[in-house]
Amino acid sequence: MPASALADVTPVPGVPKPDPVLVVDGVRRTFGGLTAVDVEHVEVQRGLITALIGPNGAGKTTFFNLLTGFDKPDTGSWTFDGQPVAGVPAHKVARLGMVRTFQLTKSLARLPVIENMRLGATGQRGESFLRALVPSLWKSQEEAITERADSLLERFKLSHMRDEYAGTLSGGQRKLLEMARALMTEPKLVMLDEPMAGVNPALTQSLLGHVKDLRAQGMTVVFVEHDMDVVYDISDWVIVMAEGRVIAEGPPESIGANQQVIDAYLGAHHDAPTSAAEEEAQLAEAQAMIAEEEEGGSS
Amino acid sequence: MDVGSIIENSLRAAVGLEAVAFVLAAIGLNLHFGYTGLLNFGQVGFMSVGAYSIAITVNELDLSMWAGIPIGILAATVFALLLGIPTLRLRADYLAIVTIAAGEIFRLVVRAASLRDLTGGSSGMTQFARDFYAINPFGDGTYGFGVFRWDERRFWLLIVCWTLVAVVSGLVILLIRSPWGRVLKSIREDEDAARSLGKNVYWFKMQSLILGGICGAFAGFALAIGTQSVQPDTYSTAITFYALTALIIGGMAKSIGPIVGSMLFWLLFAGVDVLLREMQSADYIPEWLMDGTQVGQVRVMLVGLALMLLPIFRPQGLFGDKREIQLDAR
């Protein structure tokens, strides 16, 4: 069980992990008066699947955007694999090995599936303008990239769509393509923003399998998800956000029982326990109201 | 009505100076808009930068006209940087606004009376391309075949220009089929996706803007050398849209698109003009509908009509891929 690495970690927000790949400190992002993200401290353990959950508007996607350089925080710093990456532009974050996907799938519609895949490879010699003019300088690399792309397409069962425009894929296939394409960058950390959204149950199972594969291959996965069954099924650790803050973290089996998590999802005080005195007072109030109504009815 | 002259004039226009200049400008626009998705509405700015570079190099700096070519390329690069640095990080529409304005600003600056000593003001400059014709290998006479006959000067110019088109198109094909071109196309499709895969989107857009702008400068060189003159008002905003139209007729994101599109555009433009004039003088068109002085305007109206019909009935242009258009709605 890979989660055993975290067996001795106390499940409280901001707890340090034995071998963190991502360490976030004091990241805050406001939009006008609204504080979208305000994370004091959080660590992500290397080689595990960490789920990031929280009600709508909790700041999960904004947090993703900040960490991957797609948005800039007001304050805060974070390190990836020991390297400070705050303020590093998105394309450099990706090259460092921290790749992301998007909640709304971004397939490159008017490029064939295989070209989508090839694009993902980093360090391509032919992407320099002058070398692009001399195909012999990059042809061999291109062949190696294509081979890798084809084997990934095979794994994600997209080989039959290889030469079709990505725009002709179904929604679920696009999710698969986006994940496969992200893997072309040879990442260490994969950040998936709602990978299962809008995917039919059968495909969800296959996507889950692929996510577990990533862990088996030694990658770290952070994913945003709303479906708790999925979270219980594949995650080793769960981080819960609400109103921009990390309010809880812990192993998945403990998180459902966490009072703060229940409050965040269902609203606080929905079934707040009351003392005997309070109960009596409420009862008396109710009886008084009933009596009042009866009086009004008889006169 | 002289049908022969109508056909002859249209065919000659299809390979003439304006057509070849438009091919070059449209190749640049194809790089910008067709491949990278950059909305450049100021291609004419790059054309006039090229044209004025040559004229100023010869008339004001007293250098050889050949020095004007690298100077023009450099000037177009600087112009692209000026436009690109503030706008390429923003949404596509901002580049469109800035480029359309920059083209106009350049035209108004060079025609300013206070710059008359440098740019010739509103009357422009002439007679700066002697160096080009001095090395003309063709002696006096007319050259070509069939209706495609020109005097030695124009023939020399057209040979050079069409050779240039072949070279530039070849380079563009090489580039677009390379990983470099793949990044451009991915930016057109979704620049955030490209960014998430480690591509420096800003720098690729800048390269595209510069390269396409240099193509525009070459169009300016061709016009300036061909007419031996530059005049600010030749380079009006409409030129950009004519070139865009030519590109759309031919089909975007296809290397043959700008070439065939520009040729067809000028074939129609010249053909309609001669046709209208012939019909007018033969009294096929009643005076109350159109008189001789209105041919120019009616021609533009008819071309406009054709351009409205084209996207309705053939949105992909002549050579575009219909499937790509259908995929456009992501």
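Predicted model: local features only at pLDDT ≥ 70, side-chain atom pairs only at ≥ 80, totals over all residues.
The contact is formed by A:Glu115, A:Arg118 and A:Leu119 on the side of α3(A), and by B:Arg182, B:Val183 and B:Ser186 on the side of α9(B). By class, the residues of this contact comprise 2 nonpolar, 1 polar and 3 charged.

Turning to the interface as a whole, 26 residues of chain B are in contact with 31 residues of chain A. On the side of chain B that touches chain A, two or more residues are given by each of α8 (152–176), α9, α10 (191–196), α11 (201–227) and α15 (322–326) of chain B, and α9(B) gives the most, with 7 residues. That side of chain B is made up of 10 nonpolar, 6 polar and 10 charged residues.

Chain B itself contains 15 helices and 4 strands, and its C-alpha trace spans about 65 × 50 × 40 Å along the principal axes. The radius of gyration of chain B is 20 Å, in agreement with the value near 20 Å that a compact globule of 330 residues would have. Of the 330 residues in chain B, 50% are buried, and, among contacts in chain B between residues at least 6 apart in sequence, 73% join residues at least 24 apart.

Terms used
Residues numbered from 1 in each chain as written. Chains lettered and ligands numbered in written order. Contact = placed C-beta atoms within 7 Å. Nonpolar A, V, L, I, M, F, W, Y, C, P; charged D, E, K, R; others polar. Rg over C-alpha atoms; globule rule 2.2 N^0.38 Å. Buried ≥ 20, exposed ≤ 12 C-beta atoms within 10 Å, placed from the backbone.
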